[in-house]
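Subject: Structure handover

Hello,

Please find the structure below, with notes on what turned up in it. The notes go through it region by region.

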Amino acid sequence: MKAIILFGHGARDSRWREPFDRLATLWQEQHPSTPVELAFLEMMQPSLEEAVASLSAKGATELTIVPVFFGQGGHLRNDFPVLLEECRGKFPNVQLSATPAVGEDLAVLQAIVDFGSRNIGL
C-alpha cells in the first residue's frame, strides 16, 4: 500500500499547524485510498519516525515524504537526509522516498502568484 507523509518544520505556536491539517484533510478527501499523515522536524508531533511507524502499522509499504518547505534550505539538505536514513534503518520493509520541497515546483509558485494577483485585484 502506498501512503504519503507531509513533512513540515514545526513551530511552538500550535496555530502554525492549522494549514498543514487542512492540507492533509484536502489530500485525504481527494485521494481517499492513499493514507496521509503529517510529520514535523521539530517542536511538533508526530516526528518523521512516528509517522512512518503509524503508516507502517496500517500496512503501508511504500511511503513518499513530501517536504512542505518553500525551498531546499539547511534543514532539507542536512537534517532531513539523516532522519530519512534513520527511518530506512528502523523500517527496512518500508520503501521510503522523498520529493523535492513543494516550493520548488513551478505549479506551486504559480499558485502563489495567482493568489497574490487575486488578492490585490489584478
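Met 43 counts as partly exposed because its relative accessibility is 42%, and a residue is called buried under 20% and exposed over 50%. Please keep in mind that this is a predicted model. Met 43 sits in the loop between E2 and H2. Although Met 43 is not a glycine, its phi is positive, at about 70 degrees. For background, most residues other than glycine have a negative phi, and most peptide bonds are trans.

The loop between strand E2 (36-40) and helix H2 (48-57) also holds Pro 46. The peptide bond that joins Gln 45 and Pro 46 is cis, with omega at about 5 degrees.

Strand E2 contains Glu 37. Is Glu 37 buried or exposed? Its relative accessible area is 14%, so Glu 37 is buried.

- Ser 54, whose side chain makes a polar contact of 2.8 Å with that of Glu 37.
- Lys 58, whose side chain is in polar contact with the side chain of Glu 37 at 3.0 Å.

Next, the salt bridges. How many does the structure hold? The count is 5 salt bridges. In general, side chains of opposite charge can pair when their charged atoms come close. Among the salt bridges are these:

- Asp 13 and Arg 15 meet through their side chains at 2.5 Å, N to O. Asp 13 is partly exposed, with a relative accessible area of 34%, whereas Arg 15 has 56% and is therefore exposed.
- Arg 17 and Asp 21 form a salt bridge in which the closest N and O atoms are 3.0 Å apart. Asp 21 is partly exposed at 31% relative accessibility, and Arg 17 is partly exposed at 22%.
- Glu 85 and Arg 88 form a salt bridge, with 2.6 Å between the closest N and O atoms. Both residues lie in helix H3 (residues 74-90), 3 residues apart, or about one turn of the helix. An α-helix has 3.6 residues a turn, so residues three or four places apart point the same way. Arg 88 has a relative accessibility of 32% and counts as partly exposed; Glu 85, at 46%, also counts as partly exposed.

Helix H4 covers residues 106-119 and has 14 residues. From its first C-alpha to its last, H4 reaches 20 Å, close to the 20 Å expected at 1.5 Å a residue. At the start of H4, a side-chain oxygen of Asp 105 comes to within 2.8 Å of the backbone nitrogen of Ala 107. Just after H4, Gly 121 has a positive phi of about 75 degrees.

Ile 112 lies in helix H4 and counts as partly exposed, at 44% relative accessibility.

Last, the aromatic rings. A pair of aromatic rings is described by the distance of the centres and the angle of the planes. With rings paired if their centres lie within 6.5 Å, the count comes to 5 aromatic pairs. Ring pairs link Phe 7, Phe 69 and Phe 80 into a cluster.

Regards

How values were computed
Residues numbered from 1 in each chain as written. Predicted model: local features only at pLDDT ≥ 70, side-chain atom pairs only at ≥ 80, totals over all residues. Heavy atoms only, no water. Phe/Tyr/Trp six-rings, centres within 6.5 Å; stacked < 30°, edge-to-face > 60°. Helix = DSSP H or I, 4+ residues; strand = E, 2+ residues; numbered from the N terminus. Expected span 1.5 Å × (residues − 1). Polar contact = N/O pair within 3.5 Å; in protein donor to acceptor, adjacent residues only side chain to side chain. Buried < 20%, exposed > 50% of the residue type's maximum accessible area, 1.4 Å probe, protein only. Salt bridge = Lys/Arg side-chain N within 4 Å of Asp/Glu carboxyl O.
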